[in-house]
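Work through the exercises below with the sequence and the model at hand. Each task is followed by a solution in steps.

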Amino acid sequence: MKRASQKSRAPRAQPGELARLRSALAEANEALRAIRSGEVDAVVVVGKRGPQVFTLQGAEQVYRVLIESMNEGALTLTPDKMILYANHCFARMVKSRLEKVIGGSFRRYLSADDRLMLRKSLKRVGASGLKFQVLLIASDGSKLPVQISLKPLAKNGTRRATVGMVVTDMTEARRTEEMLRALTHRVVQVQEAERGRVAYELHDNITQLICAVLFRSQALAEKLSPHEGTSKIEAIKLRELLSRTAEEVDRISHNLGPNVLENLGLVAAMGDTSAEFENRTGVSVKLTCTQLKAPLAADIELAFFRILQEALRNVEKHASARNVSVRLGRQGEFIRFAINDDGVGFNADRGPDKGKGRGGLGLLSMHERAICVGGTLTLSSADRSGTEIEVLVPLAHGSVASN
Ligand SMILES: Nc1ncnc2c1ncn2[C@@H]1O[C@H](COP(=O)(O)OP(=O)(O)OP(=O)(O)O)[C@@H](O)[C@H]1O
Ligand SMILES: [Mg+2]
C-alpha cells in the first residue's frame, strides 16, 4: 500500500514581503504594550463595515479607580446640567445614594442665586476651565461650602460640550480663612491700642520733660550776658534745638493717637495731615472728597486715616514724587478711597506676595486695615510710573446707616 506522504509546504515569503510582515508585527506588539499599560483606552478597527471604535474596559478601570479614590466630588454633566456620571464622594457630599444622583439634575443641589452663577459660568467656560464657589445643598437641606472647577469635555458632534466638574469641600479652608481674619483683626486692634499708649507716654511724659529742659535752656540763654560770647550762642542754639525736638515729638504723638480723627472727623483730619505733609516735604497733596449719603462707620474712618498716613510715609521715603492725589467717594456699591503719587513707582508684581511686605510692614498693614473693615486693597505700580493704592469697601459695611 502506498502511503501518500505529501507534506504541504508554506509558500516562501519574498525578502520584501518579510520586511513588511516584521514591521506589522512590531506595530502590533507596540499596540499591545500600550493597551496593557493603560496608555490607550479605545481602539479604532477599520473593517468592511467602516471604522469601528472599541472601548477598552481595562484602561477605563484605571481612571475609575483613581476618581473613586479621590477626596473630591467628580462629575460629568450634559450641557443641560444633567448628571451623566458622579463618584461616591459627591454622593456623600449631597448625602444621597449614587443611583439617585446619576441621571438627576445638578441644579437641584444649588440655591437660585448659585444656579444663575452656574448658568453664567457654563456660558463663558473656555478650554482652560474656570472656578467659583457655591453652597451645595444636600438632600437633608444642610449646606456645604464648595469650590467648583469646570472644564468642557468632548462636544459629541453638538455645539455645546459635556462638562467635567470637580467639587472641593471648602469647610476647612473657610474655617482657616475666618481664623486668619479674626487674627488680623486682633493684630490691628492691638497695634491701635499700643499706638495710643505710646502717644500718651510721649505726650504726657517725654513732651513734659522736653518742655522743662526747654524752659531751663531759655533761662540759661537769658542769664548769660552778651560778652560771654560762644557760651551764650551755644545756649541759644540748644534752646532752638530743643524747641524743634518738642515739635517733632508732638507731631509723632499726634499722628500715633486717634485723637485728631475723633476731634475733627475724617475729612478734616485728612486735610490736617495733608497740609502738614505738604508743608514739611514740599510735595503737593490734592484732596477730593465727595459727599457720601451717610457718615462712615468709626472703624472705616480709622482704617482710611491709617492707610493715608502709611501711604504718605511711603511717598516721603520712597517715591520722589511731586504730587499726591487723595480721593474719597462712592463707586457703585462701594466706598472708594484712592491715593496716587507721580513718583518713581516700583514693581508691585515682584515677589510671591505682590508688593505686600517687601521687607517693610507698611503695605502689609495697609492690606490688613482694608481687610479688617471688609474691604480690599489693590496696589498698582510700575517702575517710573507712580503708584496707586485703591481701597474698596462695600457700602453695606461702610456706613453707619447705609442707604
Ligand atoms: N509710593 C511708593 N513709591 C515707590 N516705592 C514704594 C512706594 N510705596 C512702597 N514702595 C516700595 O515698596 C516697599 C515696601 O513698602 P512698605 O511700606 O511695605 O515698607 P517700607 O516703607 O520699606 O518699611 P516700613 O513701612 O515698615 O517703614 C518699599 O521699600 C518701596 O520699595
Ligand atoms: Mg512704608
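**Exercise 1.** Sort the residues of strand S3 by face, covered or uncovered, and find the strands that pair with S3.

Step 1. The covered face of S3 consists of Gly-73, Leu-75 and Leu-77, and the uncovered face of Ala-74 and Thr-76. Strands, like helices, are DSSP runs numbered from the N terminus (E, at least two residues, for a strand; H or I, at least four, for a helix).

Step 2. S3 pairs with S7 in the antiparallel sense over five bridges; two strands count as paired if DSSP finds at least two bridges between them. Leu-77 has Val-163 of S7 as its bridge partner.

Step 3. S3 also runs antiparallel to S4, with three bridges joining the two. Here Thr-76 is opposite Tyr-85 in S4.

The model is predicted: local features need pLDDT of at least 70 and side-chain atom pairs count only at pLDDT 80 or more, while totals for chains, interfaces and linings use all residues. Residues are numbered from 1 along each chain as its sequence is written, and chains are lettered from A and ligands numbered from 1 in the order in which they are written.

**Exercise 2.** Follow the chain through S5, S6 and S7, and describe the pairing.

Step 1. S5 (residues 130-137) and S6 (residues 143-152) run antiparallel and are joined by eight bridges. Ile-137 is opposite Lys-143 in S6.

Step 2. This pair is a hairpin with five residues between the strands, and Gly-141 in its turn has a positive phi of about 90°. Gly-141 has 7 C-beta neighbours inside 10 Å and therefore counts as exposed.

Step 3. On to S7 (residues 163-169): S6 pairs with it in the antiparallel sense over seven bridges. Ile-148 has Val-167 as its bridge partner in S7.

**Exercise 3.** What is the strand order of the open five-stranded sheet, and which helices pack on it?

Step 1. The order is S8-S9-S10-S12-S11, with mixed pairing. S8 (284-289) and S11 (376-381) are the edge strands, each pairing on one side only. From one strand to the next the twist averages 10°, where axes are lines fitted to C-alpha atoms, for helices over the stretch in contact, and angles run from 0 to 180 degrees between N-to-C directions.

Step 2. S11 and S12 (residues 387-394) run antiparallel, joined by six bridges. Leu-379 is opposite Ile-389 in S12.

Step 3. Helix H9 (residues 266-281) packs on the sheet and touches S8 and S9, its direction making about 170° with that of S8. Helix H10 (residues 298-319) also packs on the sheet, touching S9, S10 and S12, and its direction makes about 15° with that of S10. Contact requires C-beta atoms, placed from the backbone, within 7 Å.

Step 4. Arg-384 is in the loop between S11 and S12. Arg-384 has a positive phi of about 65° although it is not a glycine, and it counts as exposed because it has 9 C-beta neighbours inside 10 Å.

**Exercise 4.** How many residues surround ligand 1, and which element gives the most to the shell?

Step 1. The shell has 19 residues, the closest being Asn-314, Ala-319, Gly-360, Gly-362 and Leu-363; a residue is near the ligand if its C-beta atom, placed from the backbone, lies within 6 Å of it.

Step 2. H10 and helix H11 (362-372) are the elements that give two or more residues. H10 gives the most, with five.

Conventions:
A residue is buried if 20 or more other C-beta atoms lie within 10 Å of its own, exposed if 12 or fewer, and partly exposed in between; C-beta atoms are placed from the backbone. Two residues are in contact if their C-beta atoms, placed from the backbone, lie within 7 Å.
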